[in-house]
Each structure stands twice: as C-alpha cells, then as structure tokens.
Amino acid sequence: MGKPISIEESWRARLAGEFEQPYFTALRDFVCREYLAQTIYPPAAQMLRAFDACPFTATKVVILGQDPYHGEGQANGLCFAVNAGVAPPPSLKNIFKELDADLDHPVSRDPDLNRWARQGVLLLNATLTVRAGQAGSHQTKGWEQFTDAAISALSREREGIVFLLWGNYARRKGCGIDRTKHKVLESAHPSPLSAHNGFFGCRHFSMVNNYLSARGLTPIDW
C-alpha cells in the first residue's frame, strides 16, 4: 500500500487515525505480501477507489457490499461493479432489473457504476481485497474494522445520508448507524439466491431519490 497511504483528502481527515493503529499496520503488511505472492483483486491502484471516487463530504448514499469479486478482470474497487465491457455478474443484473422496474424506464447498463460514485453514492465493500478464486480469503484481516470506521464517521459527522443494506451481512454491518439522523433502507440481497425474497420490489432507488428531493438535494440519476 505504500507510505503515506493514498486516499482522498476528506476521507484522510477522518481515517488518518486508523492508519496508525496496530491492526492497520498488520493489515497493510498482510496485503502487501499478498499482492507480491498471489493474484489479488482489485488491482492495488483501485483498492481504495470507493473512497477516492466518492469523497466523505459529497456522500449522499451508501451501498454496502461484502467482498470484491474474485474472478479475473471483475473487481474494480466499487461494490457490485465491474469494469466496462465485463459481463455483469448475477447480483448486478438483478440490481439493474430492479432499477428498471422501480423507475419504470430503462437505465444505463454500464457495469462500472462510477457514474453513481460521481453523484455521491459510496459503493463500499466491507473487505477491500481478495485472492483470485478464493471468496472471503481476506476477511477478518482488518478490513472490516477499517470500513466500520468509515461508516461510523459518516453516521457521526454527517446527516441525511441514505444507507442501503442488502442482505443479512450488510444489515449487521450497518447496525450502529444513527437512524435518528439518517435514512436506512433494508432488503434481501440482490443475489439470485435471495433476490425474490424481498430485493425485487423493494423500490429502494425511487425511495432514495424521494428522500433526497425532500431534503432539497439533487436526486441520483441512476
């Protein structure tokens, strides 16, 4: 990861203390060794892309994922997203399907999702790296504590953010969000295994925009 760690400045102001913690020193050493010895996704330059693409001060919506995709050429640092030209994985296909139904008009199928990040959607995985072909291989190494700190800072210092918690993992990770200050929307995960149990029909995307509009903020052009 290098020293100093490269991260967008408004995030650095909130997370610099994490970089000095023993857990992060161990995490950094682990991740550096992994990139040297294994095939790791996303590319190292995109590891903190979620933060770089969506500054702390600009965040209006947070979507929480779990792990980066572990297939070749997929993970790009934004949860649920893949690079342009890469076939959308099943969960992303279902997100697009719900978007179409919710908004009642076709939406962009660009799988990169950077257009969302530019509008203030933080696309944050709980774990920011993974070994090729080994789902969950970088869990419990420290990333979860780091991303918890990011969520806590948003909850504490900001107001009126919409948090989208899809699936039980995201619900647990978001359990500490101050719901007196923020809007929290929960549903099943968009995975084909669970999408029909409450993700389809959740209408989260229109609910986000209604909430933002009611607060005098520009809605997201999904």
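Colleague: Start with F146. Which residues does F146 touch, not counting residues up to four places away in sequence?

Modeller: F146 touches I7, L15, E18, F19, Y23, F24, L48, F51 and L128. Contact here means heavy atoms within 4.5 Å.

Colleague: And the ground rules?

Modeller: This is a predicted model, so local features need pLDDT of at least 70 and side-chain atom pairs count only at pLDDT 80 or more, while totals for chains, interfaces and linings use all residues. Residues are numbered from 1 along each chain as its sequence is written, and side-chain values use heavy atoms, with hydrogens and water left out.

Colleague: How many residues are in the largest nonpolar core?

Modeller: That core has 70 residues. F51, W116 and F146 have the most contacts inside it. Helix α6 (residues 143-157) gives the largest share, seven residues. A nonpolar core is a set of buried Ala, Val, Leu, Ile, Met, Phe, Trp, Tyr and Cys residues joined through side-chain atoms within 4.5 Å. Buried is under 20% relative accessible area, exposed over 50%, partly exposed in between (1.4 Å probe, protein chains only). Helices (H or I, at least four residues) are DSSP runs, numbered from the N terminus.

Colleague: How do α1 and α6 pack?

Modeller: Helix α1 (residues 9-19) packs on α6 at an angle of about 140°, with the axes 10 Å apart. Axes are lines fitted to C-alpha atoms over the stretch in contact, and angles run from 0 to 180 degrees between N-to-C directions. The two helices are therefore oblique. Under 35 degrees would be roughly parallel, over 145 roughly antiparallel, 65 to 115 roughly perpendicular, and the rest is oblique.

Colleague: Which residues make the contact?

Modeller: From α1, W11, R14, L15, E18 and F19; from α6, Q145, F146, A149, A150, A153, L154 and E157.

Colleague: New topic. Is W222 buried or exposed?

Modeller: W222 is buried, at 4% relative accessibility. W222 is found in the segment after α8 (204-214). Beyond four places in sequence, W222 touches L99, L103, V107, R115, W116, V121, F205, V208 and N209.

Colleague: What about R49, buried or exposed?

Modeller: R49 counts as buried, with a relative accessible area of 16%. R49 is in helix α3 (residues 49-53).

Colleague: Which residues is R49 in contact with, leaving aside neighbours within four places?

Modeller: N76, G77, L78, D112 and N114 are in contact with R49.
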